[in-house]
Amino acid sequence: MTAEPQVQPAASDVLESVNPATGEVIGTVPITDEAGVRTAVARARTAQPGWAAMPLPERQRIMRRLVRQIVDQLDTLAALITRENGRPPLEALTSELLPAADLAMYYIRHARKMARDERLPLHLFPQRRSIVHYAPIGVVAVIAPWNYPFLLPFSEVFTALMAGNAVVFKPSELTPLCGQVIGDLFKAAGLPIDVLQIVQGDGRVGASLVQAGVGKVSFTGSTGTAKKILKLAAETLTPVLCELGGKDPMIVLDDANLDRAADAAVWGGFMNAGQTCAAVERIYVDKRVAQPFIAKVVERTKQLRIAQGVAGHEDDFGPMINERQRAIVDRHVADAREHGAHILTGGKRPDGRGGFFYEPTVLTDVPQDRPIMQEETFGPVLPISTFATDEEAVTLANDSVFGLSAYVFSENRQRAMHLARQLEAGSVLINNVIDSYGAPETPWGGVKQSGIGRIHWGVNGLREYMEPHHIMTERIRPLRKEMWWFPYSARGYRRFGALVRFLFGRGGR
Ligand code: NAD
């Protein structure tokens, strides 16, 4: 399949999309050169005011048509996600298309309320009226990863557009066809021409886009790339929203429902072959229940059905995205083994399969200071360690440069809440894993090196793509001039001194 780009770039080369289950090339797209990136931004800038001026009901109508397009093409889209990213079709549906449609409908339904000006009553100046008017930023660059090639870019492109911006979107170079299909869906829904531009290519194209004069960069990807983008953006003080990597801990307390915890660990660690930013990347289990918990995790891991080639409906587990990612898993597992870890299942590439498969792997006795416990592995490995007290569990969980999500399993809600409040993470889920991304009412983002800014979170998600403009006016005809304007005098000083003492001094208001 060769997708048609919306911006006809001066293509010097093409990007090949590879099916990670087979290594087969499944399509190509032209790479956008630097001039093409600048043209895309210029066109988006020209188109944006018209889009922002379009009455909200009309914008909502277009976006409703967009959701219908997704529903009408559900099976084709799920199949494309499976072929380009490797995840099983059910996951493509539940973890990409369903939350994408839901997020869109959520913002379509609530856009009117959210786009309203906000009134700010002023306690010191009751005679004045202050409002915050939220204006679109202008052109937003969306730079996306490959691991959720539909949901993540779709959500950011959608929200930025809904807020009245034009968008220039660069999909990951590993999933250009999913990127292209997002553009096609918006086009088919009737989005005005040029409001959404797609540019294709690797990090060099991303870097050109950051420097092409956009109003904001919405970046989802690795922490390493974010640091490069932030340096580039510093030149022009362009704001950058960063949704980055994680090393999410799961804590299993001695009073946890071990069956649920084991099922959650296996799904949270191995769905999308462990290539989820909020994947369970390390587990800390109370010593008292470690043995039965680990046995359950191993048993369930062994039951996972690994796809033979492209994943079908009865497969639980697909390939990793490419050799580069698989090599990281090899390195982390080999290092852990050398430092005393025991591999209870997996720990290697499966025999006789093409593509980039790696067996779902469970390890124990993993030293806390090794890369498998400290760096983002982003693959199908579950390293498990034990703790003796709740305090130790918190210390181990917080021993990370990352802070995206964290998970606590306990039947005692108060105890779990007490731990949750101490964990350094953007989201803590109690007795669950990963899926708070799918709740657009809740904030999504990380602390420490897992991110800057928050998406979703109801109105705040829309406002990430808007500029707050404060407007202040007088309710009643004002005096000729304010008392603190020129000319200054000793009498004026005494008057204001008395006012400050009256307002804030001992015995004041
Ligand atoms: P990546 O950082 O390698 O690439 C992400 C995007 O940035 C790609 O489109 C890439 O082409 C582009 N890029 C690379 N170098 C660039 C540069 N110098 N300037 C501008 N753009 C550049 O990440 P990836 O491997 O595609 O994705 C996996 C990472 O994303 C993991 O770390 C994962 O945890 C993270 N992630 C985070 C979230 C979240 O919501 N926090 C969600 C999904 C993935």
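Which helix gives the largest share of the positive patch? Helix 2, spanning residues 56-72, does, with three residues. Keep in mind throughout that we're looking at a predicted model.

## The positive patch

Helix 2 brings three residues to the group, while arginine 109 sits in helix 4, which covers residues 89-115.

How accessible is arginine 109? Its relative accessibility comes to 57%, and since anything over 50% is called exposed, arginine 109 goes in the exposed class.

## A nonpolar patch

There's also a nonpolar patch on the surface, built from Met483, Trp484 and Trp485. Taken together, these residues have about 360 Å² of accessible area.

Where does methionine 483 sit? Look in the loop that runs between strand 20 (466-474) and helix 16 (490-504). With a relative accessible area of 55%, methionine 483 is exposed.

## Cysteines without partners

How many disulfides turn up? The count is zero.

Searching the whole structure gives 28 salt bridges. One of them pairs arginine 87 with glutamate 91, with 3.1 Å between the closest N and O atoms.

Are these two side chains' residues buried or exposed? Arginine 87 is buried at 1% relative accessibility, and glutamate 91 is buried too, at 7%. The cut-off for that label is under 20%.

## A bridge across the sequence

Glutamate 118 and arginine 463 also meet through their side chains, in a salt bridge with an N to O distance of 3.5 Å. Glutamate 118 belongs to strand 3 (residues 118-119) and arginine 463 to helix 15 (residues 459-463), so this pair ties together parts that are 345 residues apart in sequence.

As for accessibility, glutamate 118 is partly exposed at 29%. Arginine 463 is partly exposed as well, its relative accessible area being 21%.

## A bridge within one loop, and a network

Another salt bridge joins the side chains of arginine 305 and aspartate 316, at 2.9 Å from N to O. Both arginine 305 and aspartate 316 lie in the loop between helix 10 (287-302) and helix 11 (323-338), so the pair links parts that are 11 residues apart in sequence. Arginine 305 is partly exposed, with 41% relative accessibility, and aspartate 316 is partly exposed at 27%.

Technical notes. Residues are numbered from 1 along each chain as its sequence is written. This is a predicted model: local features need pLDDT of at least 70, side-chain atom pairs count only at pLDDT 80 or more; totals for chains, interfaces and linings use all residues. Side-chain values use heavy atoms; hydrogens and water are left out. Helices (H or I, at least four residues) and strands (E, at least two) are DSSP runs, numbered from the N terminus. Buried means under 20% relative accessible area, exposed over 50%, partly exposed in between (1.4 Å probe, protein chains only). A disulfide is a pair of cysteine sulfur atoms within 2.5 Å. Patches are made of residues with over 30% relative accessible area and no salt bridge: like charges are joined within 9 Å, nonpolar side chains (Val, Leu, Ile, Met, Phe, Trp, Tyr) within 5 Å. Accessible areas come from the Shrake-Rupley method with a 1.4 Å probe; for residues, only the protein chains shown count as cover. A salt bridge is a side-chain nitrogen of Lys or Arg within 4 Å of a carboxyl oxygen of Asp or Glu.
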